Structure formats: structure tokens, C-alpha cells
Amino acid sequence: MEEYDAIIVGASFAGLATARFARGGRVLVLERDPRLGARQRSTCAAPESWVRRLGAGGSILGVMDRLVVHTPGGREIPITMPERYCTLDYAAFCRLVAENLEAEVRTGAEVTRVEAGAGSGFTLHSTGGTFSSRVVVDASGWRAAVASQLMAGYSGAPLARGIETEVEYEVDEVHIYLGNRIAPGGYAWVFPLDNGRARVGLGSLREVNLLELNRRFMRHLGVDSWGSHHGGVIPCSGLRDPVAGGVFVVGDAAGQVLPGTAEGIRKCFVYAELCGRVISRVLSGELPLEEALRTYRRGVLRAKEFYDTMLAIQRIAYRLPDRVLEEVLSRVGSRQLVQRIVGAYFAENRGGVDLTGVASYLRLVGRL
Ligand SMILES: Cc1cc2nc3c(=O)[nH]c(=O)nc-3n(C[C@H](O)[C@H](O)[C@H](O)COP(=O)(O)OP(=O)(O)OC[C@H]3O[C@@H](n4cnc5c(N)ncnc54)[C@H](O)[C@@H]3O)c2cc1C
């Protein structure tokens with residue numbers, strides 16, 4: 001058995017970013033796939049500044065600062081994004097972040113069993129060997145491979161699912177399509193890549209045939225050929241406790257993907273930085289582990305109210321009949337108000353305007 005100062009399970013957005021900020025000791029990242037970035041699930045749109053900060057600027061495909069929302073009635077609401085987003089080559093992103101790590105990364109190492117020893121830390125049994133550490137991070141995605149072994153029922157039932165593919169389609173901005181005709185119980189999207197290509201996908205909270213719906217959506221866009229589809233579960237059911245059984249939990253594993261929009265990557269980066277920095281203080285001897293777990297927990301749960309509001313918006317907005325949704329969108333349709341709502345969404349971590357008014361308004365019209 002090999003002993004490490006810290007072990008991070010999962011080498012995707014949350015795990016690699018945590019490893020980037022966890023310094024000052026022997027840190028190991030365990031990934032089940034045989035190669036980094038082998039299994040893309042996502043459209044991979046994230047803030048450009050974050051991607052560059054993680055040393056992965058070379059993985060950027062398309063860059064965008066405008067968003068167009070298409071209402072069920074066919075109106076278009078243009079929005080200026082408060083910061084530039086980019087789409088990524090996922091495999092290149094994982095490789096570039098990993099190249100800049102102090103940590104050791106082992107692929108082909110699926111953690112299958114976790115043992116918590118009294119006071120002495122954790123033993124992780126994986127297909128690539130057995131490892132032990134006092135400090136463990138679960139960044140293994142929605143199934144929370146470690147936390148769910150330490151705490152029964154931690155990961156909960158799958159909630160939403162999403163699917164996407166790449167096509168020849170020339171756009172410069174993000175397009176979001178709302179309404180039951182195109183995306184019942186969710187929304188459809190188009191994100192620009194480079195060279196006249198785009199990622200086109202669709203997510204839903206309902207048990208619908210995503211593949212059939214996405215094909216229909218692409219035909220609606222006038223696209224008649226596409227590549228293979230991929231996707232997965234989106235655990236947008238609100239924040240879980242980010243500390244489970246003495247383990248730090250980051251990213252989808254902790255339900256940090258935002259309800260309502262299913263934006264998860266930015267949140268992975270934000271909480272990975274917090275987790276990695278707290279771990280560095282443990283490794284340097286500045287902070288006892290128990291205090292570090294409390295600090296991380298407090299830092300994440302500061303956003304609980306915002307997540308709960310987004311959850312309320314998600315529950316209501318994706319159930320509204322198209323005619324009611326159109327009405328709601330026409331009332332918030334003033335450019336200024338839309339920009340304020342978008343500003344509140346992005347400012348959440350900086351203590352910005354809250355969105356509870358929007359949730360109450362939706363609740364009200366949902367009852368009419
Ligand atoms: C179709 C779709 C499109 C999306 N588009 C976007 C988007 O454009 N922008 C955005 O912000 N969010 C998007 N999301 C959400 C986003 O993809 C997730 O929030 C994000 O991938 C979460 O990252 P993560 O690192 O927490 O988990 P994951 O990306 O799921 O990574 C988990 C990692 O852990 C590894 N792993 C799992 N189990 C084990 C184990 N037992 N042992 C070792 N390793 C293990 C996995 O192989 C994987 O590498 C999308 C989601 C879907 C489904």
C-alpha cells in the first residue's frame with residue numbers, strides 16, 4: 001500500500017483543478033479511465049479567464065461573449081455575457097492542466113472500495129493499486145464514488161440528463177432554446193466551436209427520448225448530419241453537504257452544478273480552488289484537518305441560498321406551459337432587466353443581487 005499526503009479521486013474539471021491548487025505535499029490523483037479526458041460528457045463551455053488561469057489556453061476552440069435566448073413563441077432575447085466564455089477540447093484541457101501539476105496522476109485506477117480507519121485516514125482500493133491518505137477529495141462526478149460509500153444515499157437519484165453532438169453550423173454566440181416544443185422539461189443549446197462547427201445539445205428533467213429530441217432540434221436548425229452523441233446525468237438537485245464522512249467533495253459529486261442552467265464547470269473551478277487552498281494549509285501544518293473540513297464546508301454552503309433559489313426557479317420554469325413561459329419572458333423582456341438578472345446570476349459568488357424575486361414571480365404566474 002502506498003501512502004500519500006492527499007488523494008483526489010477523479011481527473012476531470014473538479015479533480016484536476018483541485019490538484020492545481022493543492023500544493024506542498026505528495027498529492028495523488030486517481031482516474032478510472034485509461035487516458036485523461038478519454039470520456040467527454042459535456043459541451044465544455046467555461047469562463048475563458050479560468051481556463052487560461054489553469055494553464056489550458058491551448059485547449060480553447062471557440063470564444064463567445066453574447067447569448068441569444070429563443071422563446072417558445074420564436075422571439076429572440078439578446079444578452080451580453082458579463083465575461084467571455086469558451087468551448088474546450090476536453091482531452092487537451094485535461095492534458096494541459098495535468099502537465100502543470102505538482103501532483104502525480106494515475107489513470108486506469110478506478111476506486112472500488114473505501115475503508116475509513118479510526119483516526120488514521122482512508123484506504124482506497126482501486127484497479128490500479130491500494131493507496132492511503134488522511135486527506136481525501138471525492139471529485140468523481142455525480143455518483144460520488146467515495147462519499148456515497150462513506151454516507152449511505154449521499155449521491156441521490158439521477159435528476160436531469162443531457163446529450164450533445166458536434167455539427168457543421170456557423171454561429172458566433174451561444175443560443176438557448178426554451179419551450180416544450182423543442183425541449184420538454186429543459187432547454188436546447190448551440191455553442192460555437194472553431195471552423196464553422198458547433199456543439200448542439202439538449203437537456204431535460206423529464207424521462208424523454210433525448211436522442212430523438214436532439215435530432216429533431218438539429219433538423220429545426222436546418223442541420224441534417226451529425227457525429228456521435230455523448231452526455232450523462234446532471235445532478236442539478238441543489239448543493240449536497242460538501243464534506244461527507246471526513247472527505248472533501250467537489251464538483252458534480254457534491255451537487256455543485258447550478259440548477260436551472262446546468263452550468264457545472266465554473267462551479268467546479270471555484271470550489272476546487274477553495275478546496276485545494278485549504279488542503280495546502282493542512283499539508284503545510286498551518287491548519288488541522290478537522291478545521292480545514294469546516295472551512296471548506298462553510299465556504300461552499302455560503303452559496304446555499306443562491307442554489308436553493310435556482311432550484312426553485314428550475315422546478316417552476318421547466319413545468320410552465322409554453323404560453324405562460326412566453327408571457328413571463330415577455331414581462332422580463334426589457335433589455336435592462338434581463339441584464340440585471342444575468343448579472344445577479346454571475347455575481348452570486350461575489351454577494352451580488354439575489355434572484356429570489358424572480359423565483360417568487362414564477363411561482364405566482366405558475367399558479368395562474
Ligand atoms: C450534455 C452535457 C453538457 C454539459 N455542458 C456543460 C457546459 O457547457 N458548461 C458547464 O459548465 N457545464 C456543463 N455540463 C455540466 C458539466 O459537464 C459537469 O458539471 C462537470 O463535468 C462536472 O465535472 P466533475 O469534474 O465534477 O465531474 P466529471 O466531469 O463527471 O468527472 C468525474 C471524473 O471522475 C472519474 N471517476 C468516476 N468514478 C471514479 C472512480 N470510482 N475512481 C476514479 N475515477 C473515477 C471519471 O472518469 C471522471 O474523469 C454539461 C453536462 C452534460 C451532461
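Student: Which residues in H6 meet which residues in H7?

Tutor: This is a predicted model, in which local features need pLDDT of at least 70, side-chain atom pairs count only at pLDDT 80 or more, and totals for chains, interfaces and linings use all residues. Residues are numbered from 1 along each chain as its sequence is written, and side-chain values use heavy atoms, with hydrogens and water left out. Helices are DSSP runs of H or I with at least four residues, numbered from the N terminus, and contact means heavy atoms within 4.5 Å. On that basis, the residues of H6 are Tyr271, Leu274, Cys275, Val278 and Val282, and they meet Leu289, Ala292, Thr295, Tyr296, Gly299 and Val300 in H7.

Student: How many residues of each class does the contact of H6 with H7 have?

Tutor: Ala, Val, Leu, Ile, Met, Phe, Trp, Tyr, Cys and Pro count as nonpolar, Asp, Glu, Lys and Arg as charged, and the others, Gly among them, as polar. By this scheme the contact of H6 with H7 has no charged residues, 2 polar and 9 nonpolar.

Student: Are H6 and H7 roughly parallel or roughly antiparallel?

Tutor: Helix H6 (residues 265–283) and helix H7 (residues 289–301) pack at about 165°, with axes 9 Å apart. Axes are lines fitted to C-alpha atoms over the stretch in contact, and angles run from 0 to 180 degrees between N-to-C directions. Angles under 35 degrees count as roughly parallel, over 145 as roughly antiparallel, 65 to 115 as roughly perpendicular and the rest as oblique. H6 and H7 are therefore roughly antiparallel.

Student: At what angle do H1 and H6 pack?

Tutor: Helix H1 comprises residues 13–21. The axes of H1 and H6 are 7 Å apart, and the angle is about 35°.

Student: How far is an oxygen atom of the ligand from an N or O atom in the side chain of glutamate 31?

Tutor: A polar contact is a pair of N or O atoms within 3.5 Å; within protein, one must be able to donate a hydrogen and the other to accept it, and residues adjacent in sequence count only if both atoms are side-chain atoms. For the side chain of glutamate 31 and the ligand oxygen, the distance is 2.6 Å.

Key
Helix = DSSP H or I, 4+ residues; strand = E, 2+ residues; numbered from the N terminus.
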